[in-house]
Amino acid sequence: MSSAFSVLSTRGRGAARLAAAALVWGLAAAGTIACAGTAVADGTPQSQGGATATLGELKTYGSAVVHDNGEDSWVSAGLFEMSVDDGGMLQTYCIDLHNPTQRDAKYQETSWSGTSLNGNKDAGRIRWILQNSYPQVNDLAALAEKAGVTGLTEQDAAAGTQVAIWRYSDGADVDAADPQAEKLADYLQKNARNLPEPAASLTLDPAAVSGHAGERLGPVTVHTNADSVSVTPPADTAASGVKVVDKDGKAVTAAADGSKLFFDVPKDSPDGSASLGVQASTTVPVGRAFASETRSQTQILAGSSESTVAAAAVADWAEKGAIPALSAQKNCGKGGVDITAANKGDEPFTFELMGIEHTIEAGVSQRITIPLQEDQAYDFTIAGPNGVEKRFKGVLDCQTQGGASDISTQTLSEPSPASVGGSGGGTDLAETGGSNATPVIAGVAITLVVIGGAVVVLLRRKQTPPQD
C-alpha cells in the first residue's frame, strides 16, 4: 500500500483519496468492478450509415478515482469490446463518464456533431491520444519509455488511456489508481494535439431523394474508406423495374468513394418508393464515435478488425403533386433533431410536427430543427402524399452529464438490460447487499479502518510544526 500512498498523496488529495484507491484496488483484485449501471429500449436508431455493433464486456481495464464536488468515487477505466453486425470486432473507450453502460446496447457509428463531442474544442486531442496509445500502440515497452514509467501492463495502458480521454471528453478531475497508469495519463494529456475528425467508414449523401417517374432520381454520393462497396438494388426490382445506375445510365453493382448513384424509375411506374443498400468490409477509422439510442455511454473507437459497414438510401416518386424526400439527423450544436425535407414535386408539401405546421414549397429543400431537451426521447412520424409515412425515432444524448445520471451510480455485477431513455438500474456500494463481492467489501473495509488511522497519524505528524 506504500505505492498507493505515494501516487495519491503527492497530488495533494489526502487520506480520503487513499481510502478510495484502496477500495478500488480491493474490488478490482476480486474482479467485481464493471464500468457502469444499466437500462433497455425498443426501436432502431436513425442511422447515418457505417458500422452497427452490440456492446460487449469491459475487457481490459484498471481503476480510477473521480473527484467531483469534494467527493471521491471509484470507476473502472479501460477498453470495451463490441461485436459488429454481420462480422467484425471493435475496441472502444468511453467518452461519457457520468452515464452508465448498458449490456447488449446497440450502437451506431456517428459523426461527432451527433454526440457530446460536438463543440468540444479538445475533441481532436482525444483522437491523438487514441492514435498514440494502447491498443494502437501495442508495444508496451516503447509506450512506457515515452511516458517515463518503468513498465506497463495492458491493464495499466488501458486505464491510463481512458483517464486521459475523460480529462478531455468530460473535463473530469480523475486519476488512475495505479501509479504507472497515472503517469501514462499525464503524459498523454500533456502531449495531445488537436487532430481533425476522421471520415465515416461508409455513408450515403443524401439518404433520401425524390422526383417524378421517368427520371433518374439522385444523385446519391458514396463516401467510404473502403476500396469498394457492393450495391444492392431495390428488393422488388423485377416487379417495379426500378434500377440503380450511374450517371450514364449503366446498372451498378459495385461502387467506390465518390461514386454517384441514381434510381432509374420507369416512366409508367405508379407512385411509390424504393431503397438501395451499400455494404463493404473495411476497418473503421480510429476516433469515430459510437452512440446508442438506449442512453448507454457514448463510445469512441480505439481499434477495429476488418468489419462489415453498411448504409441505405430511399427514393420516392410520383406523377404529380408534392414529392418530398425526408431524412433526419441529431444536431447537438442546436440541441435537437434536424429534419431535412426536399420537395421535388410541383405542389407545396405541408406537414405538422409537434403542433407546428411546416410548408416546403415546390422545388425547395429546407432543414427544420426540432428542439428537444437533453435525454428526451423522440418519435416523429411525418405523413406524406399517397399515404406514405416516414418515422424517426431516438433519444437526444448530447451532454456528458444527464439529469438522471450520477457518477456514483456504479455496479458490482454484470450490467443488466437497458430501458428507453433512462440511465437507471445501476447500484452503488450500499445497495449491493447480496452480491458475491460482500466478503471482499467487508475485508477491504477492515483494512481501510487500519489504513485510515495510519494516514491520519502520518498527516498530523507531517503538519505538526517542529518544537523549539
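**View 1. The largest nonpolar core of this predicted model.** This core has 83 residues. Tyr93, Trp166, Leu261, Phe263 and Val278 touch the most other members. A nonpolar core is a set of buried Ala, Val, Leu, Ile, Met, Phe, Trp, Tyr and Cys residues joined through side-chain atoms within 4.5 Å. Buried means under 20% relative accessible area (1.4 Å probe, protein chains only). Helix α5, residues 154–169, gives the most to this core: eight residues. Helices are DSSP runs of H or I, at least four residues, numbered from the N terminus.

**View 2. The contacts of Leu261.** Contact means heavy atoms within 4.5 Å. Residues up to four places away in sequence are not counted. Leu261 touches Leu217, Gly218, Pro219, Val220, Val222 and Val231, among others. Its partners also include Val244, Val245, Val252, Ala255, Leu276 and Val278.

**View 3. Two aromatic pairs.** Rings of Phe, Tyr and Trp (its six-membered ring) pair if their centres lie within 6.5 Å; planes under 30 degrees apart count as stacked, over 60 as edge-to-face and the rest as tilted. The count comes to two pairs. The ring centres of Phe349 and Phe351 are 5.3 Å apart and the planes lie at 25°, so this pair is stacked. Phe349 is buried at 4% relative accessibility, and Phe351 is buried at 5%. Tyr378 and Phe380 also have centres 5.3 Å apart and planes at 25°, so they are stacked. Both are buried.

**Notes.** Residues are numbered from 1 along each chain as its sequence is written. In this predicted model, local features need pLDDT of at least 70, side-chain atom pairs count only at pLDDT 80 or more, and totals for chains, interfaces and linings use all residues; side-chain values use heavy atoms, without hydrogens and water.

How values were computed:
Buried < 20%, exposed > 50% of the residue type's maximum accessible area, 1.4 Å probe, protein only. Helix = DSSP H or I, 4+ residues; strand = E, 2+ residues; numbered from the N terminus.
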